[in-house]
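Student: Could we go through this model together, beginning with a helix and then turning to the aromatic rings?

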Amino acid sequence: MASVKTPITELDFDGVKAQLREYLATQTQFKDYNFEGSNMSALLDVLAYNTFQNNFYTNMAINEMFLDSAVMKNSVVSHAKELNYLPRSRKSAIAVVNVRIQDSSLVENGPSTLTIPTYTNFGSTFKGDQFNFVTNETYVAKRTEPGVYVAQDVSLYEGQMLASFTREGFIIDADGVLRVQLTNNEVDTDSIVVFVDAEETEDQNIFTRANTIYGVEPLDKVFYIEPYLDDRYAVYFGKNEFGLQPFEYEDVRVRYRVCSGEEANGANIFTASFVEGASISCTTVTPAAGGQERETLESIRYFAPKALQIQERAVTSRDYEVLLMQKFPDIKSVSAYGGEQLDPPQFGKVAISVYLSSESELISKTLSNAYVTFLRDKSPLGIEPIFVQTKYVYADASIAIRYSLKNTEKSAAQLESMARAALSTYATENLEDFNRTLRSSVLTGIVSDVDAGILSADVEILPIIEYSPVINMVTNPTFRFEAELHRPYPFRSTNGFDNYKSAIRSSPFDVNGTCVYLQDDGLGNMMTVTDDMNNPQVINPSAGTVDYSTGEVKLNRFTTEEYTGNAIKIMARLKDSDYTSPKGRVFILRDTDIKITMELEEKGAAPVINTATPVGTVSSSGIGTGSSIY
């Protein structure tokens with residue numbers, strides 16, 4: 001009788017052992033054999049362990065064959081290489097300084113200029129650590145007075161140059177391609193320069209880096225970079241097809257900068273002593289920024305397929321966003337849109353706004369120039385990328401919470417604190433980005449789920465655009481909410497302001513010694529009104545216009561003598577309860593813009609209201625009074 005064969009379908013140790021036991025039990029020679037507590041059990045353990053080990057090894061080996069399932073970074077990098085994707089190396093932090101050189105020996109008959117050579121060293125101490133910075137090009141310091149020379153806007157790159165020339169080991173593949181392996185994995189690949197058959201004391205016969213073979217001639221002196229093992233890189237040449245190939249006997253040398261990545265970001269004090277006997281001082285224009293760590297495994301896994309898709313070319317708005325986020329990992333999100341949407345329109349240009357992971361709201365000139373320079377040669381002919389400083393839209397959220405002590409032991413203050421914490425978590429995870437939508441129904445659900453004692457939550461959202469005008473300067477600003485506004489009934493002076501709910505209203509500011517605020521009249525006009533709760537009066541009935549269908553507000557010859565805080569707040573009442581941030585604006589929900597009213601669901605009990613002064617309320621003297629904007 002043929003024995004029954006039990007298929008091996010289990011992968012774990014216990015499952016494999018059980019199936020082996022079942023198979024042996026079907027054999028006549030092992031009929032009625034006790035497999036437990038016998039020598040056979042030990043043999044089954046060995047067989048099961050061997051099978052399990054093979055299963056595990058085979059599974060891991062197969063996983064490493066695919067980009068989506070590989071867990072070893074070298075495997076992920078290898079797959080990225082097949083997609084012509086170069087994982088990002090560490091990047092040097094860049095600072096901009098003005099250098100002042102004072103040399104008493106040059107007071108008389110001194111030259112008109114002094115040269116700051118390429119790779120001049122500067123020192124910096126930041127957070128207790130010492131960092132070295134170097135220039136990446138030659139600068140000229142001009143004489144401003146006898147013995148004093150000043151060089152402006154000198155860019156300093158954090159890192160250390162590895163000698164003048166570093167001879168790296170090179171390998172010639174079976175196909176005859178020369179590859180120079182860089183031994184240091186902290187290299188900033190942007191700093192690599194290659195010299196072929198050049199003297200160590202001379203910068204000659206330089207090969208420049210090429211990122212694409214497009215337009216490269218056979219005799220062009222270019223080199224390419226590809227990823228290598230363990231976060232290292234290799235330099236190779238075009239084999240006389242896409243660039244000149246050095247001969248085997250020629251001496252290939254590489255110069256590059258090793259850096260500390262993001263550790264030097266924020267350094268703002270620099271020293272130097274490259275002129276003997278001179279006093280050198282540095283005035284920081286822009287603190288060190290832009291230092292980055294090497295690209296992570298998950299980032300490579302995400303961006304490698306997308307890099308193949310866009311082919312280092314920016315055509316659609318999404319292409320610009322992917323390219324920037326791949327190159328600059330400190331960017332949290334990017335918004336790219338046509339210049340025709342700017343005010344005034346700039347046709348033939350693409351506007352770029354970025355939102356950084358850091359807390360800084362303003363992007364330095366150094367970083368913005370780096371963004372534009374990086375995109376310029378990747379944009380179509382006739383399209384110019386320009387950087388637009390990121391703007392923000394905020395939300396005034398008025399939340400009325402009804403709660404009952406029958407379902408909770410927490411106080412009103414505790415419930416309010418829990419609600420604010422939940423809203424803060426939601427804002428961090430779901431807002432703080434371009435093109436985000438704030439839904440009042442979502443906020444209602446978040447607050448209602450905080451505690452069983454909360455019976456209901458009524459939420460009203462009023463978007464805020466902040467404007468920081470220069471004092472006593474006449475301007476004509478435009479504010480675009482890009483949403484349909486609630487259109488009130490036309491304002492009539494005979495009816496007064498009682499129960500009148502405008503579509504647009506601002507926080508107060510001073511004009512001609514009077515505290516006023518902006519408000520629409522329901523007919524498409526903006527007017528200024530005195531900030532008097534008892535008897536408000538219209539001062540200027542034609543201060544601007546408002547388009548209720550698009551949410552665009554235009555002010556005419558606006559000026560102010562004083563306002564409270566950093567900006568004047570322009571608030572809008574929407575027709576819809578949900579709101580999506582306008583183009584190029586990041587949505588921020590601040591805790592100071594959340595006003596919560598606690599109402600106890602008990603017969604005869606009065607509402608419990610928080611005592612915090614609502615944001616954007618000032619008295620005629622510019623001091624907070626506690627009155628609400630609406």
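Tutor: Helix 8 (residues 440-448) has as its buried residues Ser440, Leu443, Ile446 and Val447, where buried means under 20% relative accessible area with a 1.4 Å probe and protein chains only, and helices (H or I, at least four residues) and strands (E, at least two) are DSSP runs numbered from the N terminus. This is a predicted model, in which local features need pLDDT of at least 70, side-chain atom pairs count only at pLDDT 80 or more, and totals for chains, interfaces and linings use all residues. Residues are numbered from 1 along each chain as its sequence is written, and side-chain values use heavy atoms, with hydrogens and water left out.

Student: How are the rings of Tyr392 and Tyr394 arranged as an aromatic pair?

Tutor: Rings of Phe, Tyr and Trp (its six-membered ring) pair if their centres lie within 6.5 Å, and planes under 30 degrees apart count as stacked, over 60 as edge-to-face and the rest as tilted. With 6.4 Å centre to centre and 20° between the planes, Tyr392 and Tyr394 are stacked.

Student: Which kind of pair do Tyr579 and Phe587 form?

Tutor: Both Tyr579 and Phe587 are buried. Their ring centres are 5.9 Å apart and their planes stand at 80°, so the pair is edge-to-face.

Notes: Buried < 20%, exposed > 50% of the residue type's maximum accessible area, 1.4 Å probe, protein only.
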